[in-house]
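Hi,

Here is the model I said I would pass on.

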Amino acid sequence: MRASALLIPTLKETPADAEISSHRLMLRAGLIRRVAAGMYTWLPVGLRVLRKVETIIRQELDRSGAQEVLMPFVQPAELWLESKRWDQMGPDMLRLKDRHERDFCLGPTHEEVITDLVRREIKSYKQLPCNLYQINLKFRDEIRPRFGVMRAREFLMKDGYSFHTDQTSFEATYGEMHDCYGRILTRIGLEFRAVLADTGNIGGSTSHEFQVLARSGEDRIAFSDGSDYAANVEEAEALAPRDTRPAANEPLTKVPTPGKHTIDDVAAFLDVSPMRTLKTLVVTGDSGPVALVLRGDHELNEVKARKLPGVRAPLTFASEAVIRAAIDCSPGSIGPVGLSLPTFVDRSAAVVADFVCGANEDGFHYTGANWLRDAPLDAAHVVDLRNVVDGDPSPDGRGQLAITRGIEVGHIFQLGRKYSDTMGATVLDSDGSTRALIMGCYGMGVTRLVGAIIEQCHDQDGIVWPTAVAPFGVHVLGLNYTRSEEVRQAADRIATALESAGYEVLLDDRDERPGVKFADADLLGIPHRIVVGDRNLKTGQVEYRTRADPASLLIDIDRVAEHIAAAVQG
């Protein structure tokens, strides 16, 4: 492929709206162009990468025994009404009407459509297990699309669904899909972790996320240094402290704290560690406000909080007006002493003695507060409320937790009978009885995966593609190609020989300065590079280097294909 005949609109300057490396580099390298917020056109080079990712996904899924189907992007409302998710999905789902005023949506996911297909076509246990997948467009109307393809509104996704009559069959398929996703990411060449995760709007019980490790990742991952335990921070359990609560040593004292509302402000003003302070948050409950108490240096885990009995879903923090009506103070002055709201206390907060907390009066806090003596503590309401932190004990009892960042590219769910029960997906079992199907769901963001690859595989000059998904295998740069007959003939001969040997070659035959060609080559990130120039041709040589290594070496022009073959195998 000649660069002069290929649409590669590279950019020298970084677009102002690009916030993370993958977004900047995909725009600068001419992989994508924005059409509207969260919607992109994939240009030739970007599409080559996307199709290679798809190919690896398809190959591994087919190897696992899954079967490919293709479902409609536009879905009828009645299926979503059956599953009771038409309203649950909220504004993320883009709804529309046809000319007959019938309700439809742009598919954010396909559980309803696939369950409808299976209930119509599969009637006997002899047809199971069945594992179906597609690679298709999805649309989720993100309130704030950002980060390029990482959080887009329209995106390409692989979603798969399996159906079973018994748990043993389901667990075998779930395990195979877990292994299949690992094989996909390993073949691409990524560093990743499979972690326990929350099921979110999809529903079901257990789920695992596949996280590509990257500093820019939105998700935080907790993993043990003493075992293979790994979980999204929102799902990782914070174990109860081993130490018991010390005895009270200080008297309860009400002290003025004018204008001090945050934990940091109060701790600095009173010269105490944030670990000695407690913060009280108020959320909306089914029967009124509910208080959540944590240690001052800990963060509330909203996923854990929304699962508490009596807490309304989705989790919503109470407004200041609601708080004032219930407690008669501002949010920064709330504390458990004398608080008349239903209260849940985090495990770590429950073992703090002589703590500082809000006095439920603006401008005042308590020092020397203690549980039981000054504030009630119901053991049934001592729960895990916080995010884990570095150094916490691993929930499996082996090692300590470390926190890193990741990008979620895949998520597999154990759905159970959530959809088969509501939509009547049943089969006749071997004894003639009707059985609702057990279901699994397996998603992987294809366009998002391309962004994640770049986030992990880039440097200050551009993309560094893993070989398996690079748009081309070899980049031949002809320096002064349009002005030197020797360079033109040598570059053409090398490109033709490499293509005949089975390599995908991009020949830079443009009338551009060498500096421009080198900069674009670094930006595009093709794994192997051959530089053809007049000076080295005088000795029958060309320059070779890999994108990942700035060191170069001279090789004989007649041994280029041999050298590339050795480099690829090595």
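First, the ground rules. This is a predicted model, where local features need pLDDT of at least 70 and side-chain atom pairs count only at pLDDT 80 or more, while totals for chains, interfaces and linings use all residues. Residues are numbered from 1 along each chain as its sequence is written, and side-chain values use heavy atoms, with hydrogens and water left out.

Of the 8 residues in H1, 7 are buried (buried means under 20% relative accessible area, exposed over 50%, partly exposed in between, with a 1.4 Å probe and protein chains only). Those buried residues are Ser21, Ser22, His23, Leu25, Met26, Leu27 and Arg28. Their cover includes strand E1 (32-36), strand E2 (39-42), helix H10 (446-456) and helix H12 (514-524). After H1 comes glycine 30, with a positive phi near 75°.

Helix H2 (residues 44-64) has 21 residues and reaches 30 Å from first C-alpha to last, close to the 30 Å expected (the expected span is 1.5 Å times one less than the number of residues). Its buried residues include Val45, Val49, Val53, Ile56 and Ile57, but also Lys52, Glu54 and Glu60. H2 is followed by another glycine with positive phi, glycine 65, at near 100°.

Now for the aspartate. Aspartate 159 sits in strand E8 (residues 154-164) and is buried, with a relative accessible area of 0%. Which side chains make polar contacts with aspartate 159? Lysine 138 does, at 2.9 Å, and so does tyrosine 161, at 2.6 Å (a polar contact is a pair of N or O atoms within 3.5 Å; within protein, one must be able to donate a hydrogen and the other to accept it, and residues adjacent in sequence count only if both atoms are side-chain atoms). Not counting residues up to four places away in sequence, aspartate 159 also touches Met71, His110, Leu132 and Tyr442, among others (contact means heavy atoms within 4.5 Å).

On to the core. The largest nonpolar core has 61 residues, and Leu31, Leu449, Ile453 and Trp465 have the most contacts inside it (such a core is a set of buried Ala, Val, Leu, Ile, Met, Phe, Trp, Tyr and Cys residues joined through side-chain atoms within 4.5 Å). Helix H5 (residues 167-188) gives the most to this core, with 8 residues. Leaving aside neighbours within four places in sequence, the contacts of tryptophan 465 include Leu31, Val49, Ile453 and Leu524.

Last, the strands. All 5 of the 5 residues of strand E28 (residues 528-532) are buried, so E28 is largely enclosed by the rest of the structure. His528, Ile530 and Val532 point one way, and Arg529 and Val531 the other. E28 pairs with strand E26 (residues 474-478) in the parallel sense over 5 bridges (strands pair if DSSP finds at least two bridges between them), with leucine 477 opposite valine 531. E28 also pairs with strand E29 (residues 541-546), antiparallel and over 4 bridges, and there histidine 528 stands opposite threonine 546.

Cheers

Methods
Helices (H or I, at least four residues) and strands (E, at least two) are DSSP runs, numbered from the N terminus.
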